[in-house]
Structure formats: C-alpha cells, structure tokens
Amino acid sequence: MSHGAAPPSTANAASGGPGLKFDVIAGLTAAAVVLPKAMAYATVAGLPVAVGLYTALVPMVIYALLGTSRVLSVSSTTTLAILAGTELALAVPDGDPTKLIAAAATLTALVGVLLMLASALRLGFVANFISTPVLTGFKAGIGLVIVLDQVPKLLGLHITKQNFFHDLVTVVQHLPDASMMTALVAAATLAVLIGMEKLWPHSPAPLVAVGGGIAASWLLGLNAMGVSIVGLIPQGFPSLTLPDVSLVAQLIPGAAGIALMSFTESIAAGRAFARNDEPRINANRELIATGAANLGGAFLGAMPAGGGTSQTAVVRSAGAQSQKASLVTASAALATMLLLAPMLGLLPNATLAAVVIVYSVGLIQPKEFMAIRKIRNMEFRWACAAMLGVLLFGTLNGILIAIIISLVGLASQTARPHVYALGRKPGTDVLRPLSPEHPEDERFEGLLVARPEGRIFFLNATVVGDRLNELAAEHKPKVIVLDMSRVPDIEYSALQMLADGDKRVAERGITLWLAGLNPDALAMVQHSGLAERLGRDRMVFNAQTAIERYIAQNKKPA
C-alpha cells in the first residue's frame, strides 16, 4: 500500500465484519463526548448551539471520506472556537444573529479555501512553524482566556468584555451579584464531569452532564428561577448558508491564523494516534481533507473545524478501526438535530460553560512548562512569552506572536553555531572537542583543527569568523584545518568570510586548509573560485587525513 495514497475510510471497506462492529461502538461512544462538547464550543464562538451540531456533521463526514488518518475526529475544538469567536466579534460587533451566521459561513469558507490553497502550494511543512514550547505557551494562554470567558456564565453574571486582565478584575468585582441557583447548577455539572473523568477516563461524562442539566431544567423549572437556558434550537437539516462576500477582506487575516491552527492541531492529533501498521499521515493530503471539510461545512452552517486531540483519543481508546467511526458519530449528530432539538433547548447555559471549562483547562499544562524549563531556560521564556502574548494582545494576535517567537528562537539558535577545537582520542582516529574531561586527547603543535557545526550563512558567518579568530589567538597555530564535515551548506556571505579569512591569516603566517567538504558545500567553494585559490594541497578529504599530512610534512628527519 502506498503511504497516504487512499483514504483510510476505504482501508477496511472490503473486510467489513469485525472492524465494523468496533467502529460502530467507537462512533457512538465518541458521539456521547463530541456532541455536547461541540455545542459548548459553539457558545464559546458566540454562535447558537445548533452550529456545534452542524460542525460535528458536515466536516466530520467530508474528512472521513478524504483524510489520511484512520481515527482523527474532525469537528470544532477549543482553540478554534475561541479564535473564531474573537474574529466574529470584530466582524459583527452588534452580535446580530443573522449577520453572525453569515460571518461564520464566510470565515469557515475562507479557512477551507486557504487550507486547500496551501495544499496546492505544497505548504504542509508550515505546520512546523510553531515550536513545541511556543505552542505550549500559546495553548496555555488560550486555555486561560476560555476559562475566564466562561466563568460569568457559571455564575449568571453579565460583563462587558475587553481584555483578559480587565475582564478578570471585572468578574471579581461582580462576584456579589452572582446567581446562587446558576452557581449550584454549574457546581453540580462540574462535580459530574470531574468525578466521572477520574473514575472512568474517556467516559460519556459530557452526555451525562448535559442529560442531567436538561432533566433538572425540565423538572425544576430552572429558567423560571433565573437560570439562563439555551432556548429554541431549529429542528431538521441545516439550511443552506451563503458567505458574505463583503466580509472577505476583513476576515482573511483571521482566517489565515485559524487555518494554521486547524492544520497544526489536526496533523499533531493525527500523528499522535497513528499506529505503526497504519498508513503514514500525509501532510498535504490533510490540508486538502481539512480544507474541503471546512469549505463544505461553511455552506451548511458549520464553524471552523479541525482534528481534536481529546476527541480522537476517545475514538482510538474505544477501538475504532477506520473513519467509519466518524461516520457513525456524524449520524448521531444528524439524529440529534432531527429528533432531540426541542429537548436540547432546555439545557442550562451554565452546564455548557462547565463542559467548556473542564475540557479546556487541559490546555494549561504547568508540567510541560516545568519540563521545558528543566531542559532549557530560553525555550521556557519563549513559552511564557507566547502565553502572555495571548493574554495581552488577544488570541489572533497571539498566533502571530507565537510564530514570531518561534522564528526568533530559530534565528537565535542558528545565529550562534558551535565552533569546536578538536583533539584526537589516543590510539584511535576519533576526533572530538577538546575539554577538561579528556585532558589526554592528542594535540599537535602548530596545528589547530576546528569544526563548525550547521549551515553557515549571512546571519552567523561573522560569529563563526570571530570564534575562529579566538581559537587561533588561543592556540597560535601555523596551520588551521577547518573540518567542514558538519556543515551541510555555505552561503555566499560565508564564502566571502572564508576568502577574507584566508587572506588575513596568511598575513600572520598561518595557512588555512579545508577538510571534509560535503557535496553542496564543495560545489559552492568550487563555483566561487576559492578552490582555485586554495589549490588541491589545501583541500583535504577529511580532518584525519589533514592531521596525517601535517604530521608527515613536519616530521623531523632522523
């Protein structure tokens, strides 16, 4: 089987039998978790709960037919919901429901188009633009924003939202105005969700919580007691929704950020839950699948969608064998829309808020921060900066900040490549960096063997040159052998640095040799004319050969 060549949903089509049974069970189990969460995420985005059901139907079906992961569950996610909500609030500041639906369709369609365009341009590698520490910080910021956003709903408060820290102060100031009955409903929901998850991981806790909330609302008349409920949910198939062309220019920047996060989350979840015996996740094929899922969903009322880690974990742990499980989950969403919509209208908003909080707080991972700090302080600071970027400047700007921090981090690493002075392990041909741990390593009078590591280009050429000058001043060699075996490529600026360096050291009576040039680096040296200047005698096969030649040239006659 060619990797990623065929949709995974067809992998077990012929076998049917046992695999189908597992897929049906997994699909129904996932529905019990995914559907309540999808409705909750719709409220995070400021949209009707029915939009969550539409997102668990259309995008899930389209991805199941096109995607390369056998178990990835595609619908709304916490991150996408908060990003979409931020963008929609800017596009429709008055919160008009009709305008919101049109804006959501436009945003989702743009996300789909951008993902498919990225596939056409072979941009699957862009998923790696955000480093893991920065993504940890970004998600922690998102998690804090979502939790604070839902707290007023838990307490029956209404506040004017501005930014994270202002909203935090406002919530604290309004605590005396909280609705006791709403808080009790929220507390009961949280107890069910947290208790069931601890006793029974990946349980249908959201379904139990939502069912309990609806039952309490109906039996006790919670709405009459001041507890806000979801209200009327349209029953039946989602209606055709057309994007608003006039909003395209305004929504494109936000759609680009959402598309990036959708793909990043999808590819991460798909790879995390892929087994060794399953086809490899094809990044560009995933762009097509998630793009088509969003584009198709846009016309049938869905919000931006992507693969979710937590819901995919449920699908995998329930024994899913193929994307038939997702088709079963989508069928459950359709049945819910057709049969249960009136009942869902009784659902307390505090219950939905509790579901959102419980399944969003996992984005905040203090242990990951501590693990990052244990390994490298610099990357820990990047994670903290990404988190603060979200809290201070908003979620969409937070994506840009996260990417910039990642790129700055990459630049800082490549701008200071290691340049080692090498010694030879006694009795071997092994060359390794000189260090106090190995004082017995052989050194050769008048010879400095130096090894730079990594690509040398305009950003770090001067740093490499300065480090070589420091080593030359320390060792006072007659010959410098530059071991280039760990340098995959040399850019023009670096070639100029090498040529100028050869002239400068020659003026001090030092000869420069190049050893171990890789094919690409060798080609650059030859094309630049530096090879002619050095001649064959100063371009050596490897550093060990250079040492032997130096010893032979300087061997005193008997």
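Ala298 counts as buried, at 0% relative accessibility; buried means under 20% relative accessible area, exposed over 50% and partly exposed in between, with a 1.4 Å probe and protein chains only. This is a predicted model, in which local features need pLDDT of at least 70 and side-chain atom pairs count only at pLDDT 80 or more, while totals for chains, interfaces and linings use all residues. Residues are numbered from 1 along each chain as its sequence is written, and side-chain values use heavy atoms, with hydrogens and water left out.

Ala298 belongs to helix α11 (residues 283–298). Helices (H or I, at least four residues) and strands (E, at least two) are DSSP runs, numbered from the N terminus. Apart from neighbours within four places in sequence, Ala298 is in contact with Ala105, Thr108, Ala109 and Thr241, where contact means heavy atoms within 4.5 Å. Thr241 is 57 residues from Ala298 along the chain, and the C-alpha atoms of the two are separated by 7.2 Å.

## Overall build

The protein has 22 helices and 8 strands. Its C-alpha atoms fill a box of roughly 105 × 60 × 50 Å, taken along the principal axes. Of its 558 residues, 53% count as buried. Among contacts between residues at least 6 apart in sequence, 81% join residues at least 24 apart.

## Nonpolar cores

A nonpolar core is a set of buried Ala, Val, Leu, Ile, Met, Phe, Trp, Tyr and Cys residues joined through side-chain atoms within 4.5 Å. The largest such core holds 126 residues, and Leu83 and Phe138 touch the most other members. Helix α1 (residues 17–44) gives the most to this core, with 12 residues.

Leaving aside neighbours within four places in sequence, Leu83 is in contact with Phe138, Ile142, Ile258, Met261, Thr395, Leu396 and Ile399. A second, separate core has 30 residues, including Leu448, Met484, Met497 and Ala521.

## Helix pairs

Axes are lines fitted to C-alpha atoms, for helices over the stretch in contact, and angles run from 0 to 180 degrees between N-to-C directions. The axes of helix α4 (residues 78–91) and helix α5 (residues 97–120) come within 10 Å and cross at roughly 125 degrees. That angle makes α4 oblique to α5; angles under 35 degrees count as roughly parallel, over 145 as roughly antiparallel, 65 to 115 as roughly perpendicular and the rest as oblique. The crossing of α4 and α5 is right-handed. A crossing is left-handed if the near helix is turned anticlockwise from the far one by less than a right angle, and right-handed if clockwise. Ala84, Glu87 and Leu88 of α4 make the contact with Leu100, Ala103, Ala104 and Leu107 of α5. These residues divide into 6 nonpolar, no polar and 1 charged; Ala, Val, Leu, Ile, Met, Phe, Trp, Tyr, Cys and Pro count as nonpolar, Asp, Glu, Lys and Arg as charged, and the others, Gly among them, as polar.

Helix α6 (residues 132–155) and helix α7 (residues 164–173) pack at about 30 degrees, with their axes 10 Å apart. The two are therefore roughly parallel to each other, and α6 passes α7 in a left-handed crossing. From α6, Leu144, Val145, Leu148, Val151 and Pro152 meet Phe164, Asp167, Leu168 and Val171 in α7. By class, this contact has 8 nonpolar, no polar and 1 charged residues.

## Met196

Met196 lies in helix α8 (residues 180–199) and is buried, with a relative accessible area of 19%. Neighbours within four places aside, Met196 is in contact with Pro201, Ser203, Pro204, Ala205 and Val208.
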